[in-house]
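Hi,

Here is the structure I promised to send over. Have a look at it first, and then read my notes below.

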Amino acid sequence: MAAATIPRTARLPFPPHALVEVQRTSALATPEIYFGKGIDNRRLVKFADPERNREMKQFTFAVTLMFALVLLFVVQHFSSIQYGYQIEAQKKTRDALVEMNRELRLEQASLRDPDRIDRLARRMGMQAPPAGQVVPMENSGETSAEPVMARSFGIAVITASR
């Protein structure tokens, strides 16, 4: 399609300063016309309104204060949630340590069992001490802060017999 040129002397059906967009899809298309409207605001003057400025400052302060309070609430809320998780983790750790302590005490009690110690000693070839070899320490049952002197009752020779 060749573009048609309009002679300068021809009369246009729309004002010359309008923008014209023609749809070229069909032969019976209507042109869409957009009129440009120039607005000159150079003569307008903005007057200062002190009451409006004061209201805007108050509104800005109120919104800022509200935002700060909401932010403070959110920070405290998330901190409390985080502390809750830490407390639960520490409770689990404490429970595990209490259970381990209980198991260790049971193991200690089983290892200190005199019958067990006696059986192990006999397997290793040890014998019960003869009468008079074991001398209990003199203790009146009271714990005193005074030092106790060690005494020797003589030399005892123990021979291993199998």
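A quick definition to start: buried means under 20% relative accessible area, exposed over 50%, and partly exposed in between (1.4 Å probe, protein chains only). This is a predicted model, where local features need pLDDT of at least 70, side-chain atom pairs count only at pLDDT 80 or more, and totals for chains, interfaces and linings use all residues. Residues are numbered from 1 along each chain as its sequence is written, and side-chain values use heavy atoms, leaving out hydrogens and water.

The mean pLDDT (the predictor's confidence in each residue, from 0 to 100) is 81 for the protein. Confidence is highest in helix α1 (residues 50-111), at 97, and lowest in strand β1 (residues 19-21), at a mean of 50. Helices (H or I, at least four residues) and strands (E, at least two) are DSSP runs, numbered from the N terminus; their order here is β-β-α-α. Of the 162 residues, 1% count as buried.

Now the pairs. Side chains of opposite charge can pair when their charged atoms come close. The structure holds five salt bridges, each a side-chain nitrogen of Lys or Arg within 4 Å of a carboxyl oxygen of Asp or Glu. One of them joins Asp 118 to Arg 122, with the closest N and O atoms 3.3 Å apart. Both residues lie in helix α2 (residues 114-123), four residues apart, about one turn of the helix. Arg 122 counts as partly exposed because its relative accessibility is 49%, and Asp 118 is partly exposed too, at 38%.

Enjoy exploring!
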